[in-house]
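Q: Please take a close look at the helices of this model, one part at a time. Which residues are covered, and what covers them?

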Amino acid sequence: MANRILIVDDAAFMRMMIRDILSKNGYEVCGEANDGAQAIEKYKELKPDLITMDITMPEMDGIQALKEIKKIEPSAKVIMCSAMGQQAMVIDAIQAGAKDFIVKPFQADRVIEAIKKTLG
């Protein structure tokens, strides 16, 4: 069975890019969310194997959503996505429980490497 992945990003274009990379590499995108609050709801509903989560989003940012998801499921696997120059946020994300992070613009091989490493 393909690993099920939830994509969280406020930019539809970025979600499309990740979806494309994942589906070409045999992963199943089980859902998408465009902010942190929606990510939490989708996580509860879909129980994905992994989440790719943007850091900077309206309503609720990715780090806050990560903390909430970790309260629901401490073993949740989350890879954070950030634009260049957000190193401080990346450190916060790792401390909050993110397994890895990928930098935008996405490079397909780096995305797949992070996912393979996280899923084991």
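A: A residue counts as buried when its relative accessible area is under 20%, and as exposed when it is over 50%. Values in between count as partly exposed. The model is a predicted one.

A93 sits in helix α4. Its relative accessibility is 1%, so A93 counts as buried. Leaving out residues up to four places away in sequence, A93 touches I63, L66, M80 and A98. Another residue to check is I79, 14 residues from A93 along the chain. The C-alpha atoms of A93 and I79 are separated by 9.1 Å.

A93 also belongs to a helix–helix contact. In that contact, I63, L66, K67 and K70 of α3 meet M89, D92, A93 and A96 of α4. By class, the residues of this contact divide into five nonpolar, no polar and three charged. Helix α3 covers residues 62–72, and helix α4 covers residues 87–96. Angles under 35 degrees count as roughly parallel. The helices α3 and α4 are therefore roughly parallel to each other.

Now helix α1. It has 13 residues, 12–24. At 1.5 Å a residue, α1 should span 18 Å, and its end C-alpha atoms are 18 Å apart, so the two values agree. Which residues of α1 are buried? They are M14, R15, I18, I21 and L22. Seen down the axis of α1, these buried residues fall within an arc of 130°, so they line one face of the helix. What covers them includes four strands: β1 (4–8), β2 (28–33), β3 (50–54) and β4 (78–82). Helix α5 (108–119) is also part of that cover. On the other side of α1, F13 and K24 are exposed.

P58 is 34 residues from K24 along the chain, and the C-alpha atoms of the two are separated by 29 Å. Just after α1, G26 takes a positive phi of about 85°.

A2 lies in the segment before β1. Apart from neighbours within four places in sequence, A2 is in contact with G26, E28 and D49. D49 is 47 residues from A2 along the chain, yet their C-alpha atoms are separated by 9.6 Å. Is A2 buried, partly exposed or exposed? At 29% relative accessibility, A2 counts as partly exposed.

Helix α2 comes next. It runs over residues 36–46. Its buried residues are G36, A39, I40, Y43 and L46. Down the axis of α2, they fall within an arc of 150°, so they too line one face of the helix. What do these buried residues pack against? They pack against β1, β2, β3 and α3.

To put the parts together: β1, β2 and β3 are among the elements that cover the buried residues of α1. The buried residues of α2 pack against β1, β2 and β3 as well.

Note on methods:
Residues numbered from 1 in each chain as written. Predicted model: local features only at pLDDT ≥ 70, side-chain atom pairs only at ≥ 80, totals over all residues. Heavy atoms only, no water. Helix = DSSP H or I, 4+ residues; strand = E, 2+ residues; numbered from the N terminus. Expected span 1.5 Å × (residues − 1). Buried < 20%, exposed > 50% of the residue type's maximum accessible area, 1.4 Å probe, protein only. Arc of directions from axis to C-beta. Contact = heavy atoms within 4.5 Å. Axes fitted to C-alpha atoms, helices over the stretch in contact; angles between N-to-C directions. Parallel < 35°, antiparallel > 145°, perpendicular 65-115°, else oblique. Nonpolar A, V, L, I, M, F, W, Y, C, P; charged D, E, K, R; others polar.
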